[in-house]
Amino acid sequence: MTQHNALAGPAIQEHPRTLAGRIVKALNRTPIHIALAIIGLVWLAPTIGLLVTSFRPRSDIQATGWWETLSTLRFTAENYSAVLGAQGMLQAFINNLIISIPSTLLPLTIASMAAYAFSWVKFPFRDGLFLIVVALLMVPAQVAFIPVHAAS
């Protein structure tokens, strides 16, 4: 009498390849990856253009397109020094970091402690509270702000 291992599951049997299986295998190869790479580059082109333009002098930006930069290779950091220094964006950037880092780490820390409690600690009304939390996740934040907007 043989003993069946329930964790191993049934044995996987090889089935003969069908026409559909061969087509799927052919599509999973190089041509689809090349097409996806081309689509990705086209999708990234505006972002690359903005990055290249940010390092070009103002006279070059007004005279030629960003793609013509490869022939001249005139790059400068004057645009960044003007924005960060003279226009006060450096302080705004630092303020953004001061607000965004704690406002990300604090909820993540509290949520991880709550997840631990929901997983391992048995307490009264645990299932009901968990259902309320999951139900509130389905409410968009914009809907939650409607009463606040109506009262002002």
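By the salt-bridge rule (a side-chain nitrogen of Lys or Arg within 4 Å of a carboxyl oxygen of Asp or Glu), the count here comes to one. That salt bridge joins D60 and R74, with the closest N and O atoms 3.5 Å apart. D60 sits in helix α3 (residues 58-63) and R74 in the loop between α4 (69-72) and α5 (78-86), so the pair ties together parts that are 14 residues apart in sequence.

Keep in mind that this is a predicted model: local features need pLDDT of at least 70, side-chain atom pairs count only at pLDDT 80 or more, and totals for chains, interfaces and linings use all residues. Residues are numbered from 1 along each chain as its sequence is written, and side-chain values use heavy atoms, with hydrogens and water left out.

- D60 counts as buried, at 13% relative accessibility (buried is under 20% relative accessible area, exposed over 50%, partly exposed in between, with a 1.4 Å probe and protein chains only).
- R74 is partly exposed, its relative accessible area being 43%.

**R56, a buried charge**
- R56 belongs to the loop between α2 (30-54) and α3.
- R56 is buried yet has no salt bridge; D60, the nearest side chain of opposite charge, is 4.7 Å away (Lys and Arg count as positive, Asp and Glu as negative, while His and the chain ends are not counted).
- What does the side chain of R56 make a polar contact with? Its partner is the side chain of T69, at 3.1 Å (a polar contact is a pair of N or O atoms within 3.5 Å; within protein, one must be able to donate a hydrogen and the other to accept it, and residues adjacent in sequence count only if both atoms are side-chain atoms).
- Leaving aside residues up to four places away in sequence, R56 touches I61, T64, G65, W66, T69, R74, T76 and N79 (contact means heavy atoms within 4.5 Å).

- F125 isn't a glycine, yet it has a positive phi of about 65 degrees.
- You'll find F125 in the loop between α6 (89-120) and α7 (126-137).
- F125 is exposed, with 74% relative accessible area.

**The whole chain**
- The protein has nine helices and zero strands (DSSP runs numbered from the N terminus: helices are H or I with at least four residues, strands E with at least two).
- Of its 152 residues, 7% count as buried.
- Among contacts with a separation of 6 or more, 12% come from residues 24 or more positions apart.
- Accessible surface comes to about 13700 Å², 73% of it belonging to carbon and sulfur atoms (Shrake-Rupley method, 1.4 Å probe; for residues, only the protein chains shown count as cover).
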